[in-house]
Amino acid sequence: MITKSHIFIDGNWVEPLEQQLRQVTNPATEEPSAMFAAGGVADVDRAVAAAKRAFDNWSTSDPGYRLAFVERLLEIYTRRGPDIAAAISLEMGAPVDLALERHVAAGAFHITNFINAFRTFEFERPLGPHAPNDRIIMDPIGVVGLITPWNWPMNQVTLKVIPALLAGCTMVLKPAEIAPLSSLVFAELIDEARVPKGVFNLVNGNGAVVGAHLSQHPDVEMISFTGSTRAGIAISTAAAPTLKRVSLELGGKGANIVFADADADAVKRGVLHCFTNTGQSCNAPTRMLVERSVYDAAVETAKKAAEEVEVGLPSQRGKHIGPLASAAQFQKVQELIQKGIDEGARLVVGGLGRPSNFDRGYFVRPTIFADVDNRMTIAQEEIFGPVLCMTAFDTEDHAIQLANDTPYGLSNYVQTQDGAKRNRVALRLRSGMVEMNGRPRGAGAPFGGVKASGRAREGGVWGIEEFLEPKAVSDWANIEADRVGA
């Protein structure tokens, strides 16, 4: 049994003031796998106080000084990758290969992209030729609270911690209570990199206690949250009296529009993308909208693809999917599968219960529903499991109408060889991201959505700017020009 009895405050590993050990459950066995220290309100207060003390020096430090710490952090992160992967696999059930090759790799990818974006980042910007002595100064916003989810732990920790460090902010990180172990390893990296005391603090704990207190704390200038839309609303409400900035990256219900002229691999690629990480991705293409002339064939292709998806233990090597992360998530997915059956969707493959080779653990059967009406619950609610909904469409306008008929707006997908068509569709889709023909977004592209998916933009230049505020200054003295003139 792993026991982590400390949290990280002001550059030191300390015990919470009110020591509470909480359990991490192995989702493959449903048995306890670790214990960790959960903090409380008093621990948040002392973490925020440490961050506030550190802010003046860190925020006014040379950008190159901050960049050097992040570059050192990347070196340590790369070396400790296997340790991070082991923690992720244990805490949320990602298969070991997926944990290292996708989860850990995502963090390294983001750190690298932030470093590249920061090399040419301008904190002092001219307003324009019409006002040669005006400048826009990008100021770090202050102490920030970072609340991260359990489904892609290092992906979200790096998307928040790294740009906050580079921007000159100090911070308090609260990881998801389901998946605290990988963030504790990340705090070890911060400690090894010798980031100045108080710049980074970590307080594990319950969202209703630690997360809520961070959200309403008067000395926290910003909350950056990734998680459910329900929790995002609660955080916004808690933060409102202090008028802090709230940056939300929330759920999704991505549509994957497959036109008749899509490439031969489009349907299978869409199924596998939907099921990646056991379907626990907010940007997963969970609704496949298929042009009616090829719909029946697409359903058969999708069925075969789902039947080939293996479900296995997190400790097992390979390209299989693992269990869902928690009992609550398992129950939710089972209820929504039942709801799909009850509301008349056609169950093509999968369904209720565990795969036949498992009698315990939060394993689910890869599931596909066809003939899903957009009014059905499974077409509107985020399932967050390996469940794909398929619907036929008749025209381009019909496809766009179906895709946009959702409370969410995170990521959509388009499959067609007609360049003009895919551009038209991309322009009309109400989402923060559109990926077409299986090509991922480029390095440094912003990640975020619209509507109930939140309005955050994480990654690259946009991710750094999330933690900055523009300050307009007139009659700025051009010191370098004066020196040249002298």
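## Salt bridges

In this predicted model, Arg 269 and Asp 263 meet through their side chains in a salt bridge, with an N to O distance of 3.0 Å. Arg 269 is partly exposed at a relative accessible area of 27%, and Asp 263 is likewise partly exposed, at 24%. Across the whole structure, a search finds 27 salt bridges.

Glu 31 forms a salt bridge with Arg 360, and their closest N and O atoms are 3.5 Å apart. The two residues are 329 residues apart, with Glu 31 in strand E5 and Arg 360 in the loop between E15 and strand E16.

A salt bridge of 2.9 Å, N to O, also brings together the side chains of Asp 139 and Lys 471. Because Asp 139 lies in strand E7 and Lys 471 in strand E20, this pair ties together parts that are 332 residues apart in sequence. Asp 139 counts as partly exposed at 24% relative accessibility, and Lys 471 is partly exposed at 40%.

## Trp 13 and its surroundings

Trp 13, which lies in strand E3 (residues 12-14), counts as partly exposed at 30% relative accessibility. Leaving aside neighbours within four places in sequence, its contacts include Phe 8, Leu 184, Glu 188 and Asp 191; with Asp 191, the side chain of Trp 13 makes a polar contact of 3.2 Å.

## A nonpolar surface patch

Ile 341, Leu 347 and Leu 352 form a nonpolar patch on the surface, together having about 210 Å² of accessible area. Leu 347 is placed in strand E15 (residues 346-351) and is partly exposed, with a relative accessible area of 36%.

Key:
Residues are numbered from 1 along each chain as its sequence is written. This is a predicted model: local features need pLDDT of at least 70, side-chain atom pairs count only at pLDDT 80 or more; totals for chains, interfaces and linings use all residues. Side-chain values use heavy atoms; hydrogens and water are left out. Helices (H or I, at least four residues) and strands (E, at least two) are DSSP runs, numbered from the N terminus. Buried means under 20% relative accessible area, exposed over 50%, partly exposed in between (1.4 Å probe, protein chains only). Contact means heavy atoms within 4.5 Å. A polar contact is a pair of N or O atoms within 3.5 Å; within protein, one must be able to donate a hydrogen and the other to accept it, and residues adjacent in sequence count only if both atoms are side-chain atoms. Patches are made of residues with over 30% relative accessible area and no salt bridge: like charges are joined within 9 Å, nonpolar side chains (Val, Leu, Ile, Met, Phe, Trp, Tyr) within 5 Å. Accessible areas come from the Shrake-Rupley method with a 1.4 Å probe; for residues, only the protein chains shown count as cover. A salt bridge is a side-chain nitrogen of Lys or Arg within 4 Å of a carboxyl oxygen of Asp or Glu.
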